[in-house]
Amino acid sequence: MSAAIAPSNRKLIIRLALFSALMFPVGYALVPLYTVFCNFSGLNQVNLTGVPANSQVDMAREVNIEFDSNVHDMPWKFRPIQSHVSVHPGEVIQVEFEVVNTRNEAVTGQAIPSYGPREAGEFFKKLSCFCFEKQTLAAGESRRMPVVFVVERNLPKEIGTITLSYTFFEVEGNKRAEAKAVQAGS
Amino acid sequence: MEATAMGHADSHGHGHQPTGLMRWMTTTNHKDIGTMYLWFSFAMFIVGGCMAMTIRAELFQPGLQLLEPERFNQMTTLHGLIMVFGAIMPAFVGFANWMIPMQIGAADMAFGRLNNWSFWLLIPASILLVTSLFVPGGAPAAGWTLYPPLSVQLGMGMDLAIFAVHILGISSILGSINIITTILNLRAPGMTMMKLPMFAWTWLITAFLIIAVMPVFAGAVTMLLTDRHFGTTFFSASGGGDPVLFQHVFWFFGHPEVYIVILPGFGVVSQVISAFSRKPLFGYASMVYATASIAILSFFVWGHHMYTVGMPVTGQLYFMYATMLIAIPTGVKVFNWISTMWRGALTFETPMLFSLGFIFLFTMGGFSGLVLAMTPVDVQMQDTYYVVAHFHYTMVAGALFSAFAGAYYWLPKWTGHMYDETLGKIHFWLTMIFFNMTFFVQHFLGLAGMPRRIPDYALQFAEFNKISSIGAFGLGLSQLLFLYVVIKCIKGGPKAEAKSWDGATGLEWDLPSPAPYHTWETQPLVK
């Protein structure tokens, strides 16, 4: 072939190259289109469409949940963001606690929950809690930590208020024996 | 016309060209580039085939014998990527380079340098893919579909694969632009669109598919890349993304891709059947329209790969009916091939045998595709060996058989020698028998519930897996016979006439065999 490109070929190659260059952003355009289309049509809500709203919530009843926070011989400040919430049994609720490390070094702590009255404990189901694992805070660090819970519908009628109390214990290192000792102390 | 072509071959000898490696590095000749594409794809076919052998060796009996499960997953992933992007697509680009200019009466492809570049891009891409096996973490192991979240979590082998896909995509887009321009602008006077040989027609449509969907795939893997390294969350739910989104984008590319792989094969088979039936192709115009319909429909059926990932019934029904609709133009093609043979003067040379094998087996693959198109059935079969059997009936018995048909059909034109017909027939029968031995039993495995992409299986699957593995080893070894036949044909053999097959039609058979280095410098006049 000669070095010169025929004008008709040049015209066609420019068009074809432009077309394929445009198809690249089309791939990206599928991302917002997908979201828009799914929201518009509800197609992505596969597990939600036609399913009635959570029927497990007992709207007729309200239970008052009070929060209490303590630290056991630790340089931490620990408080619930809200002092109490009012919930319907069966409802999924999220609350938050705040903890601040006032010492000049990292400290590891483990929170131990307790319930008042005691028999409310078995009807109080925590789905997610900072007390499920040890918390390590760097020097001066403050942290907000969520608790997600459900109060079960079969909570005895006489219980109208539940107090959830957390106490933080210091865990020295990750040595099992010491951690056990701390737990035994509670 | 022959005299003209020969005259040019003499005056434009190889004397003033670079020799040795530099000749191949710098060549802009469509025949040289076609030859390189064909050899490259055969080399990749062997590499991907070795991976398939490894997979079947591991599956020869239950339990883990040869491979770590991670390696097994890398083998299935690379086997898929290499066979689709390294073997089948370049093979048909090789055919296109060799045959389309000769078939339409053009002196060369429209853009010679671009053509050279699109071939040489394949080399770094294939090196990237293969070397990913040796980096820490190994090759990508998320399947050739590269689904997140796995593909976001894998090691750096995945990055190599992503770059390889980028380069392969650029290569095939450049090749396609070249083919479209050649077919649209360089046809000989009188060669109207509806006189184009079927192979050129199917390639024209394929090339449009490639420039439409390869950039989308490049976009999808770029999103993977930025999710992996640059903090975007297109596919990660933790950042508001959705892994299912990748599947939609991927299959928007992926379904047209499977037609990219098969349509040029349709073209080859159409020409071979017509030649060995000594009749013009039945229903030429309907063939063209059917090919175009398949190509257009391919953009609207991607969801049938995703029935089980979560889709409302309305969506499933739409994709089910749209998918079944594709059976209509495909059926038109199959019936046209059969009608072409009807009352024809049939002879059964190797290209014809491979074409007949293609029709028989590809139709079976089409039927298992219809079975899988049905949502309630697919929910049972998703990711079982039934799917593996289905797509190997279309990819191997479809694309590979038609590539063999084309290779045997045009070998005399390329080399100037007739290949060894007896060995060719032996190659066909070995391939036919071992192919079915390998893949037919996989239908039963799938129906019985054996999942794909797993290195181990329950004991009740042992017998069929053993049969399948023995078939696979046979199928792999038989392909070495093909290599031998081709080399023997290049080295010598009975002299091929210009028109090597007495029923063959088309401009390429007006040229002497072997086709001179430069052909149709003076364009022929098509009546």
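Me: How much space lies in the second largest pocket?
Reply: About 790 Å³. Bear in mind that this is a predicted model.

Me: Which residues lie nearest its centre?
Reply: T35(B), L38(B), W39(B), W98(B) and W414(B). The lining of the second largest pocket comes to 35 residues.

Me: What classes of residue are in that lining?
Reply: 27 are nonpolar, five are polar and three are charged.

Me: And which helices of chain B each supply at least two residues of the lining?
Reply: α2 (20–26), α3 (30–58), α4 (69–104), α16 (385–415) and α18 (462–491).

Me: Take α16(B), then. Where is the kink?
Reply: At Y409(B), shortly before the proline P412(B). The kink is about 40°.

Me: What comes after α16(B)?
Reply: G416(B) follows the helix, with a positive phi near 85°.

Me: Why call α16(B) largely enclosed by the rest of the structure?
Reply: Because 30 of its 31 residues are buried.

Me: Changing topic: where is H166(B)?
Reply: In chain B, within helix α8, which covers residues 157–185.

Me: Does H166(B) count as buried or exposed, and why?
Reply: Buried, because its relative accessibility is 19% and the cut-off for buried is under 20%.

Me: What is H166(B) in contact with, leaving aside neighbours within four places in sequence?
Reply: A218(B), V221(B) and T222(B).

Conventions:
Residues are numbered from 1 along each chain as its sequence is written. Chains are lettered from A and ligands numbered from 1 in the order in which they are written. This is a predicted model: local features need pLDDT of at least 70, side-chain atom pairs count only at pLDDT 80 or more; totals for chains, interfaces and linings use all residues. Side-chain values use heavy atoms; hydrogens and water are left out. On a 1 Å grid over the protein atoms alone, a cavity is a set of points where a 1.4 Å probe fits but cannot get out, and a pocket is an open set with protein on both sides within 12 Å along at least five of seven lines; lining residues have an atom within 4 Å of a point. Grid points are joined across faces, edges and corners, and a volume is the space filled by probe spheres set on the points. Helices (H or I, at least four residues) and strands (E, at least two) are DSSP runs, numbered from the N terminus. Ala, Val, Leu, Ile, Met, Phe, Trp, Tyr, Cys and Pro count as nonpolar, Asp, Glu, Lys and Arg as charged, and the others, Gly among them, as polar. The bend at a residue is the angle between axes fitted to the seven residues ending there and the seven starting there. Buried means under 20% relative accessible area, exposed over 50%, partly exposed in between (1.4 Å probe, protein chains only). Contact means heavy atoms within 4.5 Å.
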